[in-house]
Amino acid sequence: MYGLLVWTWVRAAAQYPVSMVLLSLATAVVTGLDAAAIALLFSRAPRIGGFDASEVLFLYGTSALSFGISDVALGTTERLGFHVREGSLDAILVRPVSPLVQLATEEFSPRRLGKLVPAVLVLAYALARVDAPWTPGRVAMIPVMVLSGTAIFAGFWVLTAAVQFVLLEFHGAAKSLTYGGAFLSQYPMTVFGRDLVRGVTFVVPLAFVNWQPALYVLDRPDPLGLPDAARFASPLVAAVLCAAAALAWRAGLRHYRSTGS
């Protein structure tokens with residue numbers, strides 16, 4: 001059903017092919033500005049937080065790709081608060097399709113796929129240049145960290161959407177967690193204070209999007225001194241976060257009361 005609804009919106013957008021292509025290119029260019037900012041930083045400094053350009057671009061590529069996939073798949077769930085305020089969620093609930101699927105595919109536009117282009121290009125460039133001790137385990141870690149990061153961000157999308165069943169104006173705070181988390185994970189955690197690093201490791205697990213597995217791939221020590229097992233914990237963290245998001249979503253649906261006419 002998710003694929004059918006997405007295909008319906010894509011077919012509608014394809015009626016204006018020039019507009020669709022131009023919007024996709026514009027999205028790719030705007031998304032790529034973050035990578036351009038990183039390149040600009042390295043024009044003034046050889047290393048950032050002890051990491052060279054290829055290593056930081058590796059972090060950017062894995063973070064941007066994970067976030068981009070989750071944003072394409074579930075990003076529009078952040079509009080739940082709007083539907084609750086407008087009363088349109090009632091119409092969504094009476095349709096014979098999962099409310100989460102309806103929200104996730106709402107007004108799906110192919111231009112959102114443009115977010116993935118700079119992430120893929122930068123990641124490919126970084127992998128070709130990063131000086132890492134490549135072993136079968138480190139090679140296998142690349143798709144694992146991207147998939148785990150995608151699941152972690154997906155959990156955040158659904159979790160922040162579920163909060164809007166109760167806090168209708170949570171939309172802005174949710175962006176600080178999703179978009180803000182994506183921006184934070186594009187840089188080495190060594191550039192941030194230790195208290196912040198502890199917070200995004202033990203409270204809001206953004207460090208497991210790409211930082212912990214990247215330490216394994218790049219053969220770097222953990223600034224917090226965590227055991228080596230933490231570098232392989234991203235799939236487990238993703239599973240726990242997605243389970244918590246599912247529970248929060250179901251609880252929100254059960255306790256939702258119609259806004260009336």
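**View 1. Residues 230-249 and 20-42 of the predicted model.** The end C-alpha atoms of residues 230-249 lie 28 Å apart. This span is 80% helix and 0% strand. For residues 20-42, the end C-alpha atoms are 34 Å apart, and the span is 100% helix and 0% strand. Helices are DSSP runs (H or I, at least four residues), strands likewise (E, at least two), numbered from the N terminus. An unreviewed UniProt entry places "transmembrane region" at residues 20-42, 142-168 and 230-249; such annotations may be inferred rather than shown by experiment. Residues are numbered from 1 along each chain as its sequence is written. In this predicted model, local features need pLDDT of at least 70 and side-chain atom pairs count only at pLDDT 80 or more, while totals for chains, interfaces and linings use all residues; side-chain values use heavy atoms, without hydrogens and water.

**View 2. Packing of helix α3 (residues 53-74) and helix α7 (residues 116-129).** The two helices pack at about 150 degrees, with axes 8 Å apart. Axes are lines fitted to C-alpha atoms over the stretch in contact, and angles run from 0 to 180 degrees between N-to-C directions. Contact (heavy atoms within 4.5 Å) involves, among others, Leu 57, Phe 58 and Gly 61 of α3 and Ala 119, Val 122 and Leu 123 of α7. By class, 15 nonpolar, 4 polar and 1 charged residues take part. Here Ala, Val, Leu, Ile, Met, Phe, Trp, Tyr, Cys and Pro count as nonpolar, Asp, Glu, Lys and Arg as charged, and the others, Gly among them, as polar.

**View 3. The largest pocket.** Its volume is about 300 Å³, the space filled by probe spheres set on grid points joined across faces, edges and corners. A pocket is an open set of points on a 1 Å grid over the protein atoms alone, where a 1.4 Å probe fits, with protein on both sides within 12 Å along at least five of seven lines; lining residues have an atom within 4 Å of a point. Of 17 lining residues, Thr 76, Glu 107, Ser 109, Arg 111 and Arg 112 lie nearest the centre. The lining has 5 nonpolar, 4 polar and 8 charged residues.

**View 4. The second largest pocket.** This pocket holds about 200 Å³. Helix α3 gives the most to the lining, 5 residues. Lining residues include Asp 34, Tyr 60, Asp 71 and Lys 115.
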